[in-house]
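Colleague: Could you take me through how to read a few features here, giving the general idea and then the case at hand?

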Amino acid sequence: GELLRAMRSAREIAGLRARLRQVHLVGGELARLASTDPLTELPNRRSWNELFARLVERAEREGVPLCA
């Protein structure tokens, strides 16, 4: 009874953890594909736009010019 239910729950939790790892891996791969050129594997325009936005935010936050 109780032991069997606990064992089933443990198996279900292990299965959920494995699926969650897969989701994280696929999500990382999708992010990589969305940010790189498929032919050259160099950063694409989206990557450069995101980088520029982060640099502008940091410069504004730190009160320094974006370029010297």
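Modeller: Let us begin with F52, which lies in helix α2; helices (H or I, at least four residues) and strands (E, at least two) are DSSP runs, numbered from the N terminus. This is a predicted model, in which local features need pLDDT of at least 70 and side-chain atom pairs count only at pLDDT 80 or more, while totals for chains, interfaces and linings use all residues. Residues are numbered from 1 along each chain as its sequence is written, and side-chain values use heavy atoms, with hydrogens and water left out.

Colleague: Is F52 buried, exposed or partly exposed?

Modeller: The classes are buried (under 20% relative accessible area), exposed (over 50%) and partly exposed in between, with a 1.4 Å probe and protein chains only. F52 has 49% relative accessibility and therefore counts as partly exposed.

Colleague: How many helices and strands does the protein chain have?

Modeller: The chain comes to two helices and zero strands. Its radius of gyration is 22 Å, well over the 11 Å that the globule rule gives for 68 residues, so the chain is more spread out than a compact globule; the radius is taken over C-alpha atoms, and the rule is 2.2 Å times the number of residues to the power 0.38. Along the principal axes, the C-alpha atoms fill a box of roughly 70 × 35 × 10 Å. Of the 68 residues, 7% count as buried, and the accessible surface comes to about 6300 Å², of which 62% belongs to carbon and sulfur atoms. As one example of separation, V23 in helix α1 and P65 are 42 residues apart in sequence and 40 Å apart in space, C-alpha to C-alpha.

Colleague: How many salt bridges does the count come to?

Modeller: Side chains of opposite charge can pair when their charged atoms come close. With a salt bridge taken as a side-chain nitrogen of Lys or Arg within 4 Å of a carboxyl oxygen of Asp or Glu, the count is two. E2 pairs with R5, their closest N and O atoms being 2.7 Å apart, and because these residues are three apart in helix α1, about one helical turn separates them. E2 counts as exposed at 58% relative accessibility, and R5 as partly exposed at 49%. The other bridge joins the side chains of E29 and R32 (2.8 Å, N to O), again three residues apart in helix α1 and so separated by about one helical turn.

Colleague: Where is the place of T36?

Modeller: T36 sits in the loop between α1 (2–35) and α2 (45–62), and at 16% relative accessibility T36 counts as buried. Its side chain reaches the backbone oxygen of R32 at 2.8 Å, which is read as a polar contact, a pair of N or O atoms within 3.5 Å; within protein, one must be able to donate a hydrogen and the other to accept it, and residues adjacent in sequence count only if both atoms are side-chain atoms. Leaving aside neighbours within four places in sequence, T36 is in contact (heavy atoms within 4.5 Å) with E41, L42, P43 and N44. S35, in helix α1, reaches the backbone oxygen of A31 with its side chain at 3.0 Å, and with such neighbours again left aside S35 is in contact with L42, P43, N44 and S47.

Colleague: Is the phi of E41 positive or negative?

Modeller: Most residues other than glycine have a negative phi. In E41, phi is positive, near 60°. E41 is found in the loop between α1 and α2, and at 56% relative accessibility E41 counts as exposed.

Methods. Areas by Shrake-Rupley, 256 points an atom, 1.4 Å probe, with all protein chains shown as cover.
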